[in-house]
Amino acid sequence: MKNYKEVIECVYADVKNVTDTGKVADYIPELAFVDPTNFGISITTIDKQNFGVGDFEKKFSIQSVSKILTLTLAYKFEDAKLWDRVDVEPSGNPFNSLLQLEADFGKPRNPFINAGAIVICDVLLSHLKNPKADFLDFCREISNNTSLNYNVKVAESEKKSGFRNVALCNFIKSFGNIKNDVEEVLDFYFYTCSLEMTCKELSEIFLFLTDDNFITIKGNRILTMSQAKRVNAIMLTCGFYDESGEFAFRVGLPGKSGVGGGIVAIHPDQFCIAVWSPKLNKKGNSFKGMLFLEKFTTKTASSIF
Ligand code: DON
């Protein structure tokens with residue numbers, strides 16, 4: 001665990017007292033009920049040592065962090081063919097933007113903006129018999145954790161209020177890049193976003209992106225080395241929407257955020273770290289989460305750069 005433990009304790013105490021200028025996401029009504037003072041960190045190293053502080057064992061809605069998991073499963077099914085449906089370029093736009101889709105003829109810029117993740121969900125619907133159950137089984141196998149589940153209240157709350165996603169899905173379908181029924185695609189998308197995990201569980205489930213030799217409890221490989229390299233690359237360039245450059249600049253690790261206030265970051269061959277603090281900055285990324293990770297990689301000299 002090197003000196004990670006001491007640094008995490010020290011940076012946690014430091015960041016806890018910083019005035020948080022962020023705001024809890026409330027455009028999904030159910031998310032607004034979360035206690036904004038929650039703050040947790042968990043690190044899992046490649047040799048499966050764990051360390052956590054604060055609220056690291058409380059479940060929360062991982063929201064867009066789930067986009068790594070849906071991308072991974074779709075990539076397993078389609079391999080490089082996947083890139084015919086969704087690109088791998090940073091968008092430089094907010095996560096829910098409709099702007100570029102018209103110029104790009106319905107091909108989303110990358111799998112981590114909402115438009116891209118919706119297309120990925122459509123790809124999965126074409127492969128899975130029971131999409132919600134099969135996706136959950138996949139997540140449970142990677143993490144060796146049968147307690148993982150959707151938060152039905154959050155999913156249904158977003159279903160009632162996710163008008164931009166409805167627009168995105170219909171717009172993409174008008175270009176022929178959604179093959180299944182719009183309602184089914186969105187229902188699946190909202191459930192994947194509602195997946196609940198603790199920081200500890202998040203830091204465990206993404207070990208397959210740090211460890212080239214990772215195999216599941218059932219003896220399955222998740223991604224090839226080349227595929228894992230590419231998922232990490234998309235996280236580095238697109239994981240924080242129009243703040244991806246800022247995250248690379250300040251933290252220097254591949255990562256992914258969600259509007260539930262969670263962030264995961266990967267140090268290939270070393271560790272996965274997860275942070276949760278629900279108040280978000282103007283770009284929709286956890287204010288304290290980013291600050292914590294910036295101080296952590298600086299103090300441990302563990303940016304990839
Ligand atoms: O579709 C949405 O708007 C949410 N379910 C997920 C957005 C999200 O987490 C973006 N993250 N920073």
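1. The lining of the second largest cavity divides into six nonpolar, one polar and three charged residues (Ala, Val, Leu, Ile, Met, Phe, Trp, Tyr, Cys and Pro count as nonpolar, Asp, Glu, Lys and Arg as charged, the others, Gly among them, as polar). The lining residues are F208, D211, D212, F214, R221, I222, L223, T224, M225 and A228, each with an atom within 4 Å of a cavity point. This cavity has a volume of about 50 Å³.

2. The model is predicted: local features need pLDDT of at least 70 and side-chain atom pairs count only at pLDDT 80 or more, while totals for chains, interfaces and linings use all residues. Residues are numbered from 1 along each chain as its sequence is written, and side-chain values use heavy atoms, with hydrogens and water left out.

3. A search of the whole structure gives three cavities of 30 Å³ or more. A cavity is a set of points, on a 1 Å grid over the protein atoms alone, where a 1.4 Å probe fits but cannot get out; points are joined across faces, edges and corners, and the volume is the space filled by probe spheres set on them.

4. The largest cavity has a volume of about 80 Å³. Of its 14 lining residues, S97, Q100, L101, R109 and I113 lie nearest the centre. Helix α3 (residues 99-103) supplies the largest share of this lining, three residues. By class, the lining of the largest cavity holds seven nonpolar, four polar and three charged residues.

5. A nitrogen atom of the ligand lies 2.6 Å from a polar side-chain atom of Q63. The side chain of Y241 has an N or O atom 3.0 Å from a ligand nitrogen. A polar backbone atom of V259 is 2.8 Å from an oxygen atom of the ligand. The ligand taken alone exposes 340 Å², of which the protein buries 99% (Shrake-Rupley method, 1.4 Å probe).

6. The C-alpha trace of the chain spans about 55 × 45 × 35 Å along its principal axes. The chain has 12 helices and 10 strands, taken as DSSP runs (H or I, at least four residues; E, at least two) numbered from the N terminus. The radius of gyration is 18 Å, close to the 19 Å that the globule rule gives for 305 residues, so the chain is as compact as a globular protein of that length (C-alpha atoms; the rule is 2.2 Å times the number of residues to the power 0.38).

How values were computed: 1 Å grid on protein atoms, 1.4 Å probe; cavity = no way out; pocket = protein on both sides within 12 Å on 5 of 7 lines; lining within 4 Å. Polar contact = N/O pair within 3.5 Å; in protein donor to acceptor, adjacent residues only side chain to side chain.
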